[in-house]
Structure formats: C-alpha cells, structure tokens
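Colleague: I am new to this structure and would like a close look at a single part. Please take me through one contact surface.

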There are 6 protein chains.
Amino acid sequence: MKDVLDDFCVTEAPYWRETGDEVALFTAAWDARIPVMLKGPTGCGKTRFVEHMAWRLGRPLVTVACNEDMTASDLIGRYLLDADGTRWQDGPLTFAARHGAICYLDEVVEARQDTTVAIHPLTDDRRVLPLEKTGELLRAHPDFLMVISYNPGYQSLMKDLKQSTKQRFGAMDFTWPGPEVEIEIVAHESGVDADTARKLVEIGARSRNLKGHGLDEGVSTRMLIHAGRLIRGGIAPRAACSMALVHSITDDPDMRDALDAAVATWF
Amino acid sequence: MKDVLDDFCVTEAPYWRETGDEVALFTAAWDARIPVMLKGPTGCGKTRFVEHMAWRLGRPLVTVACNEDMTASDLIGRYLLDADGTRWQDGPLTFAARHGAICYLDEVVEARQDTTVAIHPLTDDRRVLPLEKTGELLRAHPDFLMVISYNPGYQSLMKDLKQSTKQRFGAMDFTWPGPEVEIEIVAHESGVDADTARKLVEIGARSRNLKGHGLDEGVSTRMLIHAGRLIRGGIAPRAACSMALVHSITDDPDMRDALDAAVATWF
Amino acid sequence: MKDVLDDFCVTEAPYWRETGDEVALFTAAWDARIPVMLKGPTGCGKTRFVEHMAWRLGRPLVTVACNEDMTASDLIGRYLLDADGTRWQDGPLTFAARHGAICYLDEVVEARQDTTVAIHPLTDDRRVLPLEKTGELLRAHPDFLMVISYNPGYQSLMKDLKQSTKQRFGAMDFTWPGPEVEIEIVAHESGVDADTARKLVEIGARSRNLKGHGLDEGVSTRMLIHAGRLIRGGIAPRAACSMALVHSITDDPDMRDALDAAVATWF
Amino acid sequence: MKDVLDDFCVTEAPYWRETGDEVALFTAAWDARIPVMLKGPTGCGKTRFVEHMAWRLGRPLVTVACNEDMTASDLIGRYLLDADGTRWQDGPLTFAARHGAICYLDEVVEARQDTTVAIHPLTDDRRVLPLEKTGELLRAHPDFLMVISYNPGYQSLMKDLKQSTKQRFGAMDFTWPGPEVEIEIVAHESGVDADTARKLVEIGARSRNLKGHGLDEGVSTRMLIHAGRLIRGGIAPRAACSMALVHSITDDPDMRDALDAAVATWF
Amino acid sequence: MKDVLDDFCVTEAPYWRETGDEVALFTAAWDARIPVMLKGPTGCGKTRFVEHMAWRLGRPLVTVACNEDMTASDLIGRYLLDADGTRWQDGPLTFAARHGAICYLDEVVEARQDTTVAIHPLTDDRRVLPLEKTGELLRAHPDFLMVISYNPGYQSLMKDLKQSTKQRFGAMDFTWPGPEVEIEIVAHESGVDADTARKLVEIGARSRNLKGHGLDEGVSTRMLIHAGRLIRGGIAPRAACSMALVHSITDDPDMRDALDAAVATWF
Amino acid sequence: MKDVLDDFCVTEAPYWRETGDEVALFTAAWDARIPVMLKGPTGCGKTRFVEHMAWRLGRPLVTVACNEDMTASDLIGRYLLDADGTRWQDGPLTFAARHGAICYLDEVVEARQDTTVAIHPLTDDRRVLPLEKTGELLRAHPDFLMVISYNPGYQSLMKDLKQSTKQRFGAMDFTWPGPEVEIEIVAHESGVDADTARKLVEIGARSRNLKGHGLDEGVSTRMLIHAGRLIRGGIAPRAACSMALVHSITDDPDMRDALDAAVATWF
C-alpha cells in the first residue's frame, strides 16, 4: 500500500502562517471524520492550508481541480483496455477512499451540480462509495476524509452547491490575512525585504478596496509574491507591479490608472 | 447467490427512532409489493429509514445516488470488454431485480425525467425489465422492491416526476422529528449529554423558522449531530456551531447574524 | 425461431374488462396490418390492453418504454464486440419486425421526434426497415404489427408526434372505465370486497373532477388497486388512501385537504 | 455487384396513377443527371412516386428516412471492428453512389442543415464523394441519381434547406390528386367499391378545407385507404372513419366534431 | 508519393471563362504562399475556379465541404484500430499539408468557429500543423496552400469568421458573370443554342433583381444550365424553367408568379 | 530525451524587433518561473515573440491553438489502443511539463473556461499535474513554463478567463509597433523597399483609426506584409492592397470605400 500513496504524501512542511483556530478546527473535524468545506476568495490560501494539514496529520493528499466537463467516471474510475481485456482503474475519489487519503475537490462549484451527488454516500454515516461499474460497494478507509473548497463570490444561480451537499460539511471561512501577517508571508515567499513587502501589501490593500467598484477581485497574496519575485530578479518595482498586479487583473483603463497610482504612491 | 448479495446486506441494525406508523406502512407496501416513494427535506432520515427497513425485512439494499448524467445504461447495465470478448455487467437496478434486493433510487428527481421511464415496467403488474442490449426480458425476483426518495422542496418545472411515474408508488411523507425525539437522536449519535443536545435542537428549530425567509433549508438533524461531535472533540460550543451549522448553510451576513444570535442564546 | 420468441409470449390471459368495441377494432386493424395508436391518460389500461390483445391474437409482444435518450440504435440494433470480432445485435424494433411480434412503443411521445422517423418505412405499405449499419433492407415478417401509445394530455409544443407519423396509424381512444366496471376491476385486482371497491372508486371519481383545478391528473385505477391492496394487508382505509392516493399524487396542501375530505366522506 | 443491389431492386411495379407530366420530367432529369427534389404534403405519394420511377428506370433504390440525429457518418459510412481489425462499411449514400442506385433522402429537412452539406459534391458537376475517413475520393457511378423530398409546410426558420443546397436540384411539386383520381386510388388500394371510395374522398376533401383552421394537415390519401381497409374488414363505416381519420389526426374536441359531422354526412 | 495523390489530381481542364485578373491574383498568392479566401454568392463558380487553378498550377486538390459537426479530428486525422493495434490516418488537412496539395475548405463559415482555429498555425509564417494525438509537429510541404470559400450573404452573428482567421488570407470577390459571358457559359455547359441561352440568362437577371425583395438568392448560373439541359432533353422551355428555376428556389406563391411571368416573357 | 524534443526546438532565430523592455520582463518571469500572459490584438506579434523568447532561452516550445472543443484530455493525454493493449500518450501540456518545454496556449480564451482549470496546479507553487487517468502526479520539470495569449478585444461575458486563472500569471501588453518600427518589419518580411513599406504602414494606420467605427479590427502588420509580398510578386499595388487588406477585412461597402480611398492616397 506504501507504494501507491508515495506520490501523494506531502513530504516537506508547506509554509503556513496560522491566523486563528483553523488548525484546531480542522483537526477536530478530522478526528470526528466530519467532511470539511473551505470557503474564501481565490488566492487566499485554501489549497495551501489543506496541504499543510495533510502534512501535519501525516495523511496523503489527493487533489482534484474540478471542472464542468468532469464526469462521475473521472472521479470514480473506469475500465481500461489492456492486453488481457479490461482492467479497472480507480479514479482519484475511489483511490483516496480506498487507501485512506484526504481527497480535496478544489473549486467544487465548477463541477456539474449533479456530479457532486457522487460524493454523498461518502459524506454521511454510510461512508461508502458504490462502484456501479464493477458492482463493488467500497467502504471507505477509516482515515479517508473529504475536503472541498469553493469561492462564495463566484456562485451563481446556475452554479451553487445543493443544500443536500452543503449540509454534509463543516465549513471554515478564509479571507485575506491581516497586514502584518501578509507582509511576513510576502517577504518569506518572494525573498524581498520587509520594507518592500510592506509596500506591496499596501498596494494590495488598495486594490481590494476597488473590489465591486470596477474590479471583480482584489490583488491576491499570490500576486504580491509574484511582484516581489520580479523585483528580486532585478526588475524595477513599477514595471514588476505593472506585470504582476495591474495588467494581469484588469484591462479597464480607469482601473489601470487607479492601480498605477497606488503603485506610484509606494514606489 | 449468497456471495453477490453479501456486500449489500445490512448486517447491523441502523439506529431508527420510530415516530409514527412508518414501519407498519412500509411493511404493508412490501407485503403487497407496492413500490414506495419517500418524501421529505434533506437530512431528515429517509436514507436511514430505508436502511433500517432493509435490515428489519432481512433484504439486501442496493442504493443509487441519482444524478443528471445517469444514463439508462448506468441503471441497467452494459457490455464490458474482456479477454474473451464482451461480458454483460448488470447495473444496480438489474442486479437488484434479478437477485431480489430492495433498490433505492436516492434523489430520483435529479435523474433525467425520461431515464426514470426505465423503471416503469418494474413498477407495475408486469414486474419485468427489458434488457434491450441483451435481448433478455428479465422477470423481477419475487422479493424485489423499488423505493425512491425525493425532496418536494427542490422540484422545479424542469425537474419533477411525471404523473405516470408518481402514480406507480405509494408515498410516505417524512419531516423533522419532534423536539424530544430529536434530542434523543442527537445525543445518541454525537455522544453529547442531553442538555447540550437540547440546546442544539433549540438552535435547529430557530433555523427552521428562517426557511423561506432567507434560508433555503433549515439546519438538519445531521448538522446538529456534527456540532455535537465537534463539541465532544473539545471545540468550544460557539465555534462548533459556527463551523457545523452557520457557515455551512449560508453566506448571507444577515442570516449568519440571525443564526449566530440563536447560538449565543443557548451557549 | 421458437426459442428467441419464448420470452415475449404472453402465456397467461391478462385480465381485461371489455367496455366497447376495442377488441373488434384492434382485431380488424391487425387483420389489415394497420398500425395502431392507443391514446389516453396514464394508468387507464393501454399497456394492459395491448398485452391482452397479444395474448388473444397469439402473437409475442415486444414492449419498449420510450425515452428522450433513446437513439435509433437502441430501437434498431448495434454491433457488439466479441471474441471473434463484431456481432450484430437486433434492437427490439428489428427483432419484432424480423420475427413477427407486435412491437409496442410505450409513451412514444417521449422519444425524440426525429427518432420516431425510424419507424416510418415499417408503417406504410413498404413494411421494410433499412438497417443502415449492416446494409440490410429488412422486410417485415407478415405478422409484424406496430402499436404505439401516447397521452394527449402530455403533448407540448416541443413534444408531439409529427403529422407524417400520426397519419400512419389508426387511433383508439382510452379513458377511465365507468364506475360499475371500475368497481369490478378494483375488486378483482386488489382482493377487497365490492363495497370497499365502490368507496375507492367514488374517491377516484372525486379526484378526477379536480383535474385542471390543481391536480395534473386524477387518481388512476392502478392507484385505487394499490389502496385496496394496502387495506387487504391490514392498513386502516384512511392511512391506505393517504399513502396510495393522496401523498403520491400531490404535495399541495389544499389539494391534499380536498382529497383527504373525499376519503373521509367514504371511510 | 448484382448481389449487393438485389435487396434494393424494385421488382414489382408500384401502383402509380399519373396525373400530369411528372414521369416525363423525372425521366428528363434522370437523363441529364439533374438531382431531383420532390415537394408536397405528407402522404400525397412522393415516396411511392420515387419507387415507381426506380422500377420504371430499372434502377435500384436506396431510401434513407432523415432525422435530426443522423450524422454524416450515418450517410457516408464508418469503420467497423472485426476479427482482423477494422473494416470499412459504406453508408447508404456511398453505397448508392458507388453502385449506381437512386439515393432517396426522405424528409431531408429533418436532417441537420449542415449534414446535408455532405451531398454537395455529389450534386454538382463533380459528382464525387470525399470519404475523409478512408482518404478515398469516390467518383459516382454514371447511373447514380440523388433525389430528396420535403414538405414545405413543415419548414421553419430553424429547419430549412440552405439556398446552396436547393439550387442543386430540379424541383417537382406534388399535391393531393383530383377527386376522380383519388377515388380510383382508394378503391384500388383498399378494395372497397367505387361508391364507398367516393364517400371517403369527399370526407377527405372536407378535412383538407380545415387545414389552417384548426388542423395542421388534412386527411391524406393513405388515411382514406386505411378507412377503406377497415370497412372491408367488416368494421362499420363510422367506426372505421373514427379510427382511421378522426382520432389519429386531432385531439381537439371541436375539430373532432367537425370531422365526425363530415363522416355522418356520407355514412 | 505519386499514388496517394493520384485521386486528387485534376486531370482534365475544368472549363473556366476568365472575367478579370482572378487568375493572375491567385497565381501571385500561390507564388507567395499567401492563403486565399474566395467570397461570393452560392453557385457563382468559386469551387469551379479553385479546380481550374489546381489544374493550371498542376497541384492536387483536396476539397472539404465544411459543416457544423466537423470536428478538428475530421480535418486533422485520427487513430484507427487495425489487426496490429492502432494506425494513424491523416485527415484531409494533414494529408494536403504533408503531400503539398491545395486544401480547399468549402463554406468554411459552416464549420464551428473554433474548429477553424486548427488552421491557424498552417496559415501564418510557421506553416506547421501540431498533430497533438501523435505528438508530431508537421511542417507543411512547400507546395501546400490553404484556400477557403465563404458566402458573405450567409454570415450571421453566430456564424462568421473571426478576425484572427480572416486576416490570414488574401481575399478575392466573386459575383455573377456579365450577360455575354454567362450566355457563353450556359450554352457551353448545357448544349442549348445561344438564343435559348440568352433567354435563360435574361430570366436569371430578372430573378436576381428580386433578391432581398422576397427571394433569399437569385437564380444561379448552375440553375440556368439545369434548365438548358432539360430543354435539350426535350422538355418544353416553360416546364423546364419551372422545374429548374422556379420551384427549386421558392415556395412563395407571389414570388412564383413573378418568376413565371419572367419565364413567360421569354418563352 | 533529446529525440522527443527535437521537433519542438526553435533552431533559427525568429525575427523580432524589440520595442521596449519585453525581453527583460519575459526573462525575469522565466527566471522566477512566473507564468506569463501575452495580451494584445490579433496579428501584432504575440506568437512570434514567444517563439523568439524560446529561441533566446534555448527552450523547446510546444504551441497549442486553443478552441472550444478542446477537452482536458486533448491537453493532458489519453490512452491509445495498441497491439499489446493500451498505451498512454502524453498530451501537449503533459509533454511540455514532463520534458521542460515552454507550453504556449494560444488564444486561451477560446478554450472552455473550465478546461483551463486543468492548468491551475501547474501554475502555482505546486507545479504539479495530476494525471487522473494514469493515477500519476506529475511534478513539472524545472525548466517548464506556461505562457498563454489572449486578445482582450474578444473577451465577452461568456468567454473570459476566471479571476482564479488570471491571477496566476504576470501579464504583458502588446500593441501595434510604432510607424518606424513597422516599416522596418514590413520591408524585412515582404522584401519591398522602404518607400513602399512606408505607404503600406500609412494605410494600416488609417485602417486602425476605423476600429470601432465600422471595423472590428484594423489591418494587422501581417496583412501589410501580405500586400508587400503581392507587390513584390508583380501585382499592381492597388490590386495587391485590395486583395490583402480591403477584401479580407470587411464586406461593408462603406468601409471598403474608406479603405480604398486610403489606398488611393498612397498608390
């Protein structure tokens, strides 16, 4: 069993700057095997957090980037043809349930609402997965846990989780870190000094105030780290911010002016 | 025949707290082989009840979580390729009809309206299933029974059962248990004491009053059990309720305030 | 040829209570090999009638429950892979045309309007079926007859038979049997005494008056039989009617009250 | 080559009652290999005419009932798997073009507008069919002719032939035969005497006046023949007309009354 | 290499009556390997012209009639199964690019807008075609040229070429030939004398004035040739025009009257 | 490893006329392995730039022309059948990630929004690609870099990149070169003298002023080069401009007049 899981073990501790009781809550949910839903805007660290928790709990992590074309077979598995006929290949959900990994469905709201029904029997007390194509009723490994993420800002009438899905999960809200924590993260991840990191975080804060006033989303921590890395690579700060923060987030000339002004205030 | 059914036998009695004549009605329908439709909101115990009845009647249970992508082949079966050519693989409906299991189609309204037509010949006096791909006309095992569930609150113009489907079933309505019963269930399932269970049940009752006033659904019994388990795991009651009840059910700030207030009243 | 048809022979006379000249008309259509269309509400006995006629005429019966996903291949046949390459498998329509069965397409209006085009060459004087995938032009067996059913109440702008399909068929209208006949049927099929059957039939008649005033369809004869069987199984009449008649037909509280009142009048 | 065409030869002269210069026009188009489009309402004899002409010209006839699901592969052909790998199977269009049959696409307007593009290279001076899947460029047999039918009354904005398709064809209009001719046809095909045939034809004429005033189409000659056959089979004329003419054409009570009145005038 | 191209060589000079500098322009584009777009109404000779140029330049011609169902695989190729496993089969685009043919996509606007993206790398300076399924990056043969046609009158909001496609092509406009040239063409192609040809061309000119006033398109040169051929085959001119020009182009009674009047003026 | 990449190496320096700090910015992003998004109108040189940078950085380049029908499997890979069973075939994204190429997704906005989700795990710090069908978690080669292009002018409500995709990239804006640079490019690429190149560039500038006033896009540099090449091939300048610039960009008579006037001003 060791071999198949090796690929999915998180061997180095992913950097995580704790800002509340998120580690304790996730650990309690894990202990009670309550499935967990991570909510929050894009780029605020949900994926990093689940990697961190997998490392901390010593469990392998199977991540699936959900998309609209994903069928139940993509999650559950399919028969492959081979020299001796067909061979069953577990999909990532089945693999995780069988071997006791944490299964993380990233941006689950992208999946077809009805495909997510496939996870229902694994997320209530039954903890089973009917493999209809093989006729097997898989009972989940005791260490299996389902984790999903979604960004409430994106949900629309067409794309939302069903109540019967939502209520199977304990939910944790994520948001941007406070400024001091974000400075620490940007400096740590990009290698710039604390002063440069502080300026970048200030620019980020400005951009987030523009959310809903012409920007769909503010600048994420990840983008600030990109800007920091370009600066570390010798690019002038204004050009680095232009590339990493402004041009990637909007094509609207007014918004670009507003963001450029914020950049010019600090650099 | 023993072997293939083993996976589907319910060997331990699923906990069921009877609240009316539901056991007698289901048993009479079973005796007359009248197909049964279980109606009620999500998380109120329909799936648990059918598991309980399967155990009580000593019949194996084949459960299918219905979804929009489910084709008739997913229910009925398909040919698989194998070293010696193709081999027919019964789908769960065919399997249940052939071997005399209870076949439970969960959230049947999710299935394409016309896919459900496939169950018609099994749910009238013919009790047959034409396997068009093999040319077989399968006569159902005498012990076969079809059970379906659906949540009337979800039905829409696009998704409802056809009259010609509905009228094949005897229908049983499920709803939330009364407070004393629900306290008993929450305490039994989560391990908290009766006092904590009572507080959780009070919070649940408040949330159910908000249904239609900003909430699509109230807090289910399952969510109360989640909160109880987090409390048992050492999480402070307010944080446990926040994770298990509030954040998972709504992203609306006003609704969150209303629910948080209900939590604060009791903890 | 005997073997392949055995499954499809109707060996026991299906109960049929004649109410008009339907047997003579169907027999004349059969003699002239005029395809027959059975029209009427769900549960009024169309399927039972065609089974009865198949038995009476001594012809095997191939029934297909039509649905929107049904492709022409599902009706006509396909190649299957097998140890020696591909093998052609007749679909139910081809099977019936080749061997001289009555082919009954139930709820044909559910099929894609254009899939029904596939039956055109079998339902005019040509009586052929081009099997495009094998290159065969199958001439129908002299005993082959096409029968279709549909419920005029369900037809919509999107789902109706094309004129060029309709005019290939002689049409027979079905409706609810008169009260004396229905009492006889309910008593015969459920085993209750004539008095109970009469009460059930009265309730059914009330419900049919509500059609179009809040109910999509009235209670069918089949549902009255269900209620009778539950009563025979020891369930109190009101509970039996609630399960078999009221809860399965509507979720509307006013309609439920109206139906419950009708039940209370008689039981 | 004889063998493959045998199935498609029209060996008995199909009955055709000439009413104009249709035979001369079709023959001239055939001589000049100008593709032919037959227009007219459903059931007026377009299919019968093309069968008659195939017999008269001594050419095999390959008929395809077009439908919306028909892909180019259904017309052109596909690879089939077989013990020695894949084997190419000509579709009906390729078969007809290769062996010199008349290829008749019935109700071509049902086919996807863009699928019909596949016939373009066969219907201009090139007279070729590129078989993209085999890499073959098939040059049509000198005796190949393309014939299509369509019912102008059905064409809609969504479903009409493209101009670039239409202009490849010479067009022939078909309509109902005049009364004397239709009497002759009904008597000939159903076996009733001339007096009964005349009454049926009168009823048909009445119904055609209702077209556009509540009926989508009038009663076709084929339906009059059905009525005649039922009468020949011993059914009373009114019941025969009810089954063959009235109930199959409309469910509207007013229209049924109007048609019943027409029937009662004559029988 | 000779063999595979043989089918696609244009061995007889296709008749082309030059009316401007179209031959010089196409030749210059060919010399510079600038892809060519032929624009103009249906039936005005675009396909004939590209055949003529292929013959004149001595290059094989691969023609693809585009349609909405055409996938990138239909253009590029696919794996076929065969006794020894899978075998790659070039699609027509790949075939032409590999062997140096002119590839003509007829009515390209019918293809899915995004399928046409597949031709982009072949129509800029890269002149490559990535065969993603084989992992090959095919560099086009030096003699390869892409030619597309489309009819501007058909383009709609849903179906138009993208700017990024259009600007890869040099464009040539085609329209109806002038009367003297068209008379010459009609006489040459149908075999009628110059006087009859002149009358047909006059009728064609009248019809083209009706474009936009009840006709979607005027009568094309091809249709005039059809009429001529029917006349040559012994059909009376009015009947020939009715079949070849009037009935094929419109079902509108007023338009038919107008066209019939034009015919009656000349014949 | 050498062999598989050979096809994708850019062996000759693609001509690139630097106009700003684009080379330095791309190089810094490459050094920090920040994914790059190239924005700008069609035909302004984005594809050429990425080829130039691949050559400059000495990395192989895998280009994918995105389209709406592209599935995740087209990017990631699939199983192919072969004499010994199935064999996994890397898609272009997997190939590039495995072997350390630059992977360039051209016109990424054409891809289904949710297909692009597949690139997420490769474009954050994880730099992994889960191959769900093989069960492999591919860690990207250290030299792998993702580059995408898109044309902001084309983005619509239906087709735009998600915020969670955009923020993974540093963005570089491209636009038309200034006149002196464009003259140099047109002369270099088409072989015309500087004076002719200047006239063409003036015409191009005029056309770009018409963008939004009747033209969707102005004339691109590539089109000017086409005109130059036709002139070099002996075509008169006005005819060359008509073919390469005017007729390919618009069918609107007024726009054609405006463009023709611009051409006539200079030639």
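Modeller: What follows describes the interface of chain B and chain A. This is a predicted model, in which local features need pLDDT of at least 70 and side-chain atom pairs count only at pLDDT 80 or more, while totals for chains, interfaces and linings use all residues. Residues are numbered from 1 along each chain as its sequence is written, chains are lettered from A and ligands numbered from 1 in the order in which they are written, and side-chain values use heavy atoms, with hydrogens and water left out.

With contact taken as heavy atoms within 4.5 Å, 45 residues of chain B touch 44 residues of chain A. The buried area is about 3800 Å², and carbon and sulfur atoms give 50% of that; the term is the accessible area (1.4 Å probe) that two parts lose on being put together, summed over both. On the side of chain B, the most area is lost by B:Arg222, B:Met243 and B:Asp251, together 16% of what that side buries.

The interface holds 4 salt bridges, each a side-chain nitrogen of Lys or Arg within 4 Å of a carboxyl oxygen of Asp or Glu. In a salt bridge between B:Arg256 and A:Asp173, the N to O distance is 2.6 Å. Helices (H or I, at least four residues) and strands (E, at least two) are DSSP runs, numbered from the N terminus. Among the elements of chain B that each supply at least two residues to this side are helix H3 (46-57) and strand E2 (61-65). The largest share, 5 residues, comes from H9(B).
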